[in-house]
Amino acid sequence: MQAAARSVAVYPGSFDPIHNGHLAVISRAIAIFPKIVVGILENTGKDALFSAAERVEMMRDIYREEPRVEVRSFTGLLVSFLRELDARVVLRGMRAVSDFEYEFQMALMNRRLHPDAETVFLTAEEEYTYLSSRLVKEVAALGGDVAGLVPDQVRTRLEQRYRRLTHPPTR
Ligand code: ADP
C-alpha cells in the first residue's frame, strides 16, 4: 500500500444527523490516522431528514478548526469514492452484535469490489453504544431533549426542523 493511501481513512455514512457516537469514532480515528475524510452519502435510499448539503455543512462546522478532518459528500459506490481519493482504508464504528452482520457483509463486498481496500472497525464509546441517528430523530420528533447526544448546532437544527414540520408556515 502506498504511504498516501495508507494515511487517509474514509469514514462513510448517512450521518442524518451527526451524533456524539460518530464524533467519538472520529476522535479515536484522528489518533491513529493522519487524515480522515468523512464521506456523507447522498443517495441513502432512506428518507433523509437533512439534505446532503445540510449534513456536510453541519459536519464542516464541527470540524472547522480541525485540518485533519475533511468532509465531503459522495454518491454511488464507496469503492469508487475510495479510488477517487486514492484511499484504501474504510473506517466504520461498531456498536453491538446488531451492527456486526451488516458491517461484515459490507466489508466483504467492498473487499470483493476493491481487493486492496481494508475496513477498520472502531468500537463505540460505552456511553453511546445505544445511540443511533434513527433514535435521535425519533426522540427529537416527539419533543424530547437530545442535549448531550448530539452537538449543540445539530440539536438546534433538529428543533427547528421538527418545529417546521409540525407547524408549517401558513401563507
Ligand atoms: P449508515 O452508514 O448505516 O447510514 P450512520 O451514518 O448512522 O450509518 O453511521 C455511520 C457509521 O458510524 C457506521 O459505521 C455506524 O456503525 C457508526 N456508528 C453509528 N452510531 C454509532 C455509535 N453510537 N457509536 C459508534 N459508531 C457508530
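# Briefing: sheet, helices and a pocket

The lining of the second largest pocket holds six nonpolar, four charged and two polar residues (Ala, Val, Leu, Ile, Met, Phe, Trp, Tyr, Cys and Pro count as nonpolar, Asp, Glu, Lys and Arg as charged, the others, Gly among them, as polar). This is a predicted model: local features need pLDDT of at least 70 and side-chain atom pairs pLDDT 80 or more, while totals for chains, interfaces and linings use all residues. Residues are numbered from 1 along each chain as its sequence is written, and side-chain values use heavy atoms, without hydrogens and water.

**Second largest pocket**

- The space in this pocket is about 150 Å³ (an open set of 1 Å grid points where a 1.4 Å probe fits, with protein on both sides within 12 Å along at least five of seven lines; lining residues have an atom within 4 Å of a point; the volume is that filled by probe spheres set on the points).
- Two helices, α6 (133-141) and α7 (152-166), each supply at least two lining residues (helices are DSSP runs of H or I, at least four residues; strands are runs of E, at least two).
- The top contributor is α7, with five residues.

**The sheet**

- Five strands make up an open sheet, ordered β3-β2-β1-β4-β5.
- Their pairing is parallel (a pair needs at least two DSSP bridges).
- The edge strands are β3 (69-74) and β5 (118-123).
- Each edge strand has a single partner, so one side of each lacks a neighbour in the sheet.
- From one strand to the next, the twist averages 30° (angles run from 0 to 180 degrees between N-to-C directions).
- Strand β2 (residues 35-41) runs parallel to β3, and six bridges join the two.
- V37 has E70 of β3 as its bridge partner.

**Helices on the sheet**

- Helix α3 (residues 52-62) packs on the sheet and touches β2 and β3 (contact means heavy atoms within 4.5 Å).
- The direction of α3 makes about 175° with that of β3.
- Helix α5 (residues 97-113) lies across β4 (89-94) and β5.
- Relative to β4, α5 runs at about 170°.

**Helix α3 against helix α7**

- The α3 and α7 axes come within 10 Å, crossing at roughly 150°.
- These two helices are therefore roughly antiparallel to each other (the label for angles over 145 degrees).
- From α3, the contact uses E54, E57, M58, D61 and I62.
- From α7, Q153, V154, R157 and R161 take part.
- By class, the contact of α3 with α7 has five charged, three nonpolar and one polar residue.

**Loop between β1 and α2**

- F15 sits in the loop between β1 and α2.
- Its phi is positive, about 50°, although F15 is not a glycine.
- P17 is in the loop between β1 (8-13) and α2.
- The peptide bond leading from D16 to P17 is cis, with omega near 0°.

**Loop between α2 and β2**

- P34 lies in the loop that links α2 (20-30) and β2.
- Beyond its neighbours within four places in sequence, P34 contacts S7 and R68.
- P34 and V8 are 26 residues apart along the chain, yet their C-alpha atoms are separated by 6.8 Å.

Key
Parallel < 35°, antiparallel > 145°, perpendicular 65-115°, else oblique.
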